Amino acid sequence: MQDLRTLIADINANRALCKNCLMTVEHAWYELLPPAKPSPQKQSTTRSRLAKGYLESLRD
């Protein structure tokens, strides 16, 4: 918590952020937060004729 307070004070004072504090806080968040769920991604709809032909041949 002290490192988080130090970072907040650095931000408020427009100072360079304490690198050791950043690493400590990042590690703490990583340990506390659950893993992110994968989000669906839109597949690319623009494919060349060559790519389309390749994919079609894989399906056959």
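The 9 positive and 6 negative charges of the protein have mean positions 10 Å apart; Lys and Arg count as positive, Asp and Glu as negative, while His and the chain ends are not counted. Each charge is placed at NZ of Lys, CZ of Arg, CG of Asp or CD of Glu.

The model is predicted: local features need pLDDT of at least 70, side-chain atom pairs count only at pLDDT 80 or more, and totals for chains, interfaces and linings use all residues. Residues are numbered from 1 along each chain as its sequence is written, and side-chain values use heavy atoms, without hydrogens and water.

The protein has 3 helices and 0 strands, in the order α-α-α along the sequence. Helices (H or I, at least four residues) and strands (E, at least two) are DSSP runs, numbered from the N terminus.

The radius of gyration of the protein is 23 Å, whereas a compact globule of 60 residues would have one near 10 Å. This radius is taken over C-alpha atoms, and the globule rule is 2.2 Å times the number of residues to the power 0.38. Along the principal axes, the C-alpha atoms fill a box of roughly 60 × 25 × 15 Å.

Of the 60 residues, 7% count as buried. Buried means under 20% relative accessible area, exposed over 50%, and partly exposed in between (1.4 Å probe, protein chains only). L22, in helix α2 (residues 19-32), counts as partly exposed because its relative accessibility is 37%.
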